[in-house]
Amino acid sequence: MEHSRVHNTNNNGRGGQPRLVLEVEDLYVSFGGYRGRTRAVNGVSFQIHQGEILGIVGESGCGKSVTALSLLKLVPMPPGRIDGGTISLHTDDTTVDVTALAQDSREIRAIRGRQISMIFQEPMRSLHPMFSIGDQIVEILLQHFAMNRRQALDKAVALLERVGLPEPARVVHEFPHQLSGGMRQRVMIAIALACEPQLLVADEPTTALDVTIQAQILELLQALQAEMGLAVMLITHDMGVVAEIADRVIVMYLGEIVETASVDQLFTNPQHPYTQGLLRSIPNWTDQPKTPLHSLAGAVPELLDLPAGCVFVERCPFADKVPGLRKPSLIETEPGHFVKCWLYTEEFVHARP
Amino acid sequence: MPDPDDILLATEDLRTHFAVRRGLLRRQVATVRAVDGIDLSIKGGETLGLVGESGCGKSTLGRTITRLEHPTGGSVGFRVDNQMLDITNLSQNHLRRHVRRHMNMIFQDPLSSLNARMSVKSVIAEPLVLHRAARGKELEDRVAQLLTTVGLQPHHMQRFPHAFSGGQRQRIAIARALALQPRFIVCDEPVSALDASVRAQILNLLMQLQQQFGLTYLFISHDLAVVRHVSDRIAVMYLGQIVERGPTVAICQTPQHPYTEALLSAIPMPVARHERRSKRIVLTGDVPNPASPPPGCRFAPRCPYRQQICDEEIPELKPTRQGHTAACHFADELELVGIGKTGAQPTTA
Amino acid sequence: MAHPEPANPREEAAHVPSGKTEAAAYSYWGLIWWRYKRNRIGVVGGIALLLLYALVLPAELTAPYPLNERHTGFLDVPPQFIRFISPDGRFSPRPFVYGLKQERDPETLRRLYVPNEEEIYPLRLFVPGEESWTFLGLTWDRHLLGVESPGKLFLLGTDTQGRDLFSQLLYGGRISLTVGLVGVALSLVLGGIVGLISGYLGGIVDDLIQRGIEVMISFPSIPLWIALSAAIPAEWNSIQVFFGITVILSSIGWGGLARVVRGMTLSLQNEDYVKAGRINGATTWWIVTRHLFPGTLSYMIVAATLAIPGMILGETALSFLGLGIQPPMVSWGVLLKQAQDITVLAHKPWLIAPVFFLTVAVLSFNFLGDGLRDAADPFSGQ
């Protein structure tokens, strides 16, 4: 409801900061295919702290989902392959590099659900159609905690209540197909939170839902996050969703981070021409209807023929002023605001509009 | 150019129900009232935006108007050669000969709406061939011209749909819809399957084509922001019925039905926190099953302003103070909040 | 419509995949072919089948000896080896075979054939046969591979009646492999039409057809085939028997194909392009012929390819039981009849050779079918 959680935002990097939960450094992921290897994620680095909602936005093919799946080693391998980088998960006493763990090792399975859990766009695909909701939660609880079935079932009911399902004692005995889309997503959240993970990865959690249901789920995620001090990584294509609940935002394009900033910085002062174009192309509530919208030229290119320099060069309105063949690096333009664009270097500052 | 006051299409108490059949003997166990008593009219050259959540019947309404579905009751009138023609019960044969060329449709997913086995040329030529509108060299010229119209190049006609990006595929689908120079096009979620950066291109193209050819659109979408941008008037659907309708800006700024208000309030806004609305209305519960709608007002079970009468009496769709039409017992009493009046920051009622 | 301007010059540069990625340039069928080529085992199956058909179809040319020619004095000859090293240890660039010498096993007194190292018959291409043959209007007297008289070339040995097994195998293969093709073609036509009707019309017609097919499929096939082939009139000539057998085999196969086609038709009908066709004034005939039929065709081909092995095995089984192809026609099943007895097999193991060819053919069809199936939906997980 309110947006007063500013106390746990924006203090990344400077004094008295919340605990670091996850650190991704220079991650490269590619997929083999008929037509050669596609580089899905290209040198992505970011951090997530306790109690923070990190939004990752981008269009199809930008590598946001692959990044998320890599955190849990859920990228199918082959054809997928982690080509480089580290994913460090910091727990209370140890640090684990997820990339170094074997695909289905005991270690990674101990992390899944217990340390990092994940919810997906289509909850029906993640729920087993033949087991009741209760059975599915109980199974996970028994796997990670020393408790008996009775206790686990009680805890399942409590969890369902916490995610706002009406009549949890009844729902616990129902099957996924008996629930609506919004209720299923709530069940998924309950399952994801069952083992009190440090980090919740939500991959397009509301894309398949109607706006009124989306509002419910976003509100729930926000409330739970504040209450449990959870770190949340929210992956979405919808700028509105990010603005609504994220603290910090990463904008991805073709496997690279092009801009990262706090949510207020990003929406008041977007800097990368891609972010600017994307935000301006969204219909605004104050424009006159039936006037032309600002639009980005072209379409997202295929991952197979990536431009050699800046990933956005083919669609960038300033491309003719800057050497497109050289790859820019991420530059800090104001505290906590990084952008990967030549326009913000000393050399090309004159080319800025 | 059509006279803008001409009604091009009008429905009266239009109903489309589906039988739910179960079991070996296929007994009918329930009726889904997907479209349940719709009155609307569309003037020549305007865009009517039809907005609602999944399962509210908006796509079924679009398909019923184009007679892909046979209506259960009510009527659809469509102006052909300056005469209103009741097309509700025309045979498919008759429709083909006299009506089809004047109305067309654009679908949500261009990957599904373009046959992957056909070249772009045969896709766009299909309506022209079917109506014997052109052949040979003339046909090829028409296809080339249509491709140019939608921002593609004539040599693209040799290619196959899979060689194009999502936005380009939608352009091909639009070219096909324009082939017979129809007056009326139903756009069923035409930008929902597209990437955000391409969406604006297609919306601009649709608006520009409307001006260029005097087209009339029924624009169906779940995305109120998009609908607001392209429409002259908006109709909001809930559970098979229209709950509110009126001029675009008025509906968004001063909604008169609680559902419209909630819908507007639920839209996540891509703006910084300090520009944000201060209060959000989050509806509880889910949309009821359209096979057994609530007895009174269909929105009553989720309505934050519900009174006793709401559960008992079905509200009529009637004109309100603000000059639109709403189906709410308290349309004139409630002070509902919209978006866009003073920046993006309306005050709370 | 006036002469339209490009919608927006900036957008017009909209990135069209330049064909840098190969797939972009292909048509639908081109794309299927392109995907198929990438499936190694599928290609192996395809090539194996091409070779097999190239070998058996012109059997008159490729077989060293005519059908049913008996070589008196050469009964139950074991396979001859093709040699490259002459008796004096020198390498001979032209392969040759030794002549055959008859001996008796001193213990069992069975007749034995051993190579006679004094007679050397070099292998030759296009050797003249004793009689000229006619195939597809072409008359000639040559055989692809052979040796000069009086030498004999029995690559896979001979049977009890002195017929060259390799030649018989090629002639038999022609029957066995065409039974599969013709049978499947029949089922394809029948199954395709019934499936399209059933899927497109739906309702009661669909229900009736589906129940009918279910009843038909639930008959045990072998007894049904036996019953049907027993009904083939004795006075039919061999061509008639051949077609009779094909019809019997396809009588069962079409049901499965019809269901595949019906399922495809049902799912394609929900595609928006079919709705778009109706919006654009397409008739039922147009939708079926332009959208539904081409849409199901690739799947029909796959289903058919995978159905051929069943037909071939069915023919073999019938003929093996003596109910299928009748001598003087030969098929692999007919040839295998000679290998019914375990003692025969112990003494003349080469008579089992048709099984090897049969296995190669069946496996190749399965490989090809699998390869085509993966390629048939070129838009699934590129």
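1. Contact means that heavy atoms lie within 4.5 Å of each other. By that rule, residues 24 or more positions apart account for 68% of the contacts in chain C with a separation of 6 or more.

2. This is a predicted model, in which local features need pLDDT of at least 70 and side-chain atom pairs count only at pLDDT 80 or more, while totals for chains, interfaces and linings use all residues. Residues are numbered from 1 along each chain as its sequence is written, chains are lettered from A and ligands numbered from 1 in the order in which they are written, and side-chain values use heavy atoms, with hydrogens and water left out.

3. Chain C has 13 helices and five strands (DSSP runs numbered from the N terminus: H or I of at least four residues for helices, E of at least two for strands). The C-alpha trace of chain C spans about 95 × 55 × 40 Å along its principal axes. Its radius of gyration is 27 Å, whereas a compact globule of 382 residues would have one near 21 Å (taken over C-alpha atoms; the globule rule is 2.2 Å times the number of residues to the power 0.38).

4. Of the 382 residues of chain C, 46% count as buried (under 20% relative accessible area, with exposed over 50% and partly exposed in between; 1.4 Å probe, protein chains only).

5. Between chain B and chain A, 49 residues of chain B are in contact with 51 residues of chain A. The area buried between these chains is about 4,200 Å², of which carbon and sulfur atoms give 56% (the accessible area, 1.4 Å probe, that two parts lose on being put together, summed over both). In chain B, the residues that lose the most area to chain A are B:His229, B:Arg273 and B:Arg280, together 19% of what that side buries.

6. One salt bridge is counted between chain B and chain A (a side-chain nitrogen of Lys or Arg within 4 Å of a carboxyl oxygen of Asp or Glu). A salt bridge joins the side chains of A:Lys290 and B:Asp232 at 2.8 Å, N to O.

7. B:Gln210 lies in helix α7 of chain B. This residue counts as buried because its relative accessibility is 6%. Among the residues that B:Gln210 touches, not counting those up to four places away in sequence, are A:Lys290, B:Thr47 and B:Tyr217.
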